[in-house]
Amino acid sequence: MHPYTQALLSAIPIPDPLIEKKRTRIVLQGDVPSPINASPGCPFVNRCPYAKDICRSVRPPLKEVQPAHFAACHLL
């Protein structure tokens, strides 16, 4: 459900060439965050296509979005 997970899953090749040819791959833009100079908000904010103002200032809490499925995103 998290945008980063969606991008990772879109990078997995599908063995069927017809399906692989038709699908859309999510290619992330932006800079990878520095582990030394971490921002106060979401660590994925610079690469997230859905980022809002709150994502830049408040780190999202880990929450259960489905039974036994957790994500840290303000938009879920």
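Colleague: How many residues in the lining of the largest cavity are nonpolar, polar and charged?
Modeller: Eight are nonpolar, two polar and none charged. This is a predicted model, with local features needing pLDDT of at least 70 and side-chain atom pairs pLDDT 80 or more, while totals for chains, interfaces and linings use all residues. Numbering runs from 1 along each chain as its sequence is written, and side-chain values use heavy atoms, leaving out hydrogens and water.

Colleague: What makes that space a cavity, and which residues line it?
Modeller: A 1.4 Å probe fits at its points on a 1 Å grid over the protein atoms but cannot get out. Lining residues have an atom within 4 Å of a point: here H2, P3, C42, F44, V45, C48, C55, P60, C73 and H74. The space is about 60 Å³, and the structure holds one cavity of 30 Å³ or more.

Colleague: Why is H2 called buried?
Modeller: Its relative accessibility is 14%, and buried means under 20% (1.4 Å probe, protein chains only), so H2 counts as buried. H2 sits in the segment before α1.

Colleague: What does H2 touch?
Modeller: Leaving aside residues up to four places away in sequence, H2 touches F44, A72, C73 and L76 (heavy atoms within 4.5 Å). Its side chain also reaches the backbone nitrogen of Y4 at 3.0 Å, inside the polar-contact limit of 3.5 Å between N or O atoms.

Colleague: How do you know where the buried residues of α1 lie?
Modeller: In helix α1, residues 3-10, the buried ones are P3, A7 and S10. Seen down the axis, they fall within an arc of 65°, so they line one face of the helix.

Key
Buried < 20%, exposed > 50% of the residue type's maximum accessible area, 1.4 Å probe, protein only. Helix = DSSP H or I, 4+ residues; strand = E, 2+ residues; numbered from the N terminus. Arc of directions from axis to C-beta. Polar contact = N/O pair within 3.5 Å; in protein donor to acceptor, adjacent residues only side chain to side chain. 1 Å grid on protein atoms, 1.4 Å probe; cavity = no way out; pocket = protein on both sides within 12 Å on 5 of 7 lines; lining within 4 Å. Points joined across faces, edges and corners; volume = space filled by probe spheres on them. Nonpolar A, V, L, I, M, F, W, Y, C, P; charged D, E, K, R; others polar.
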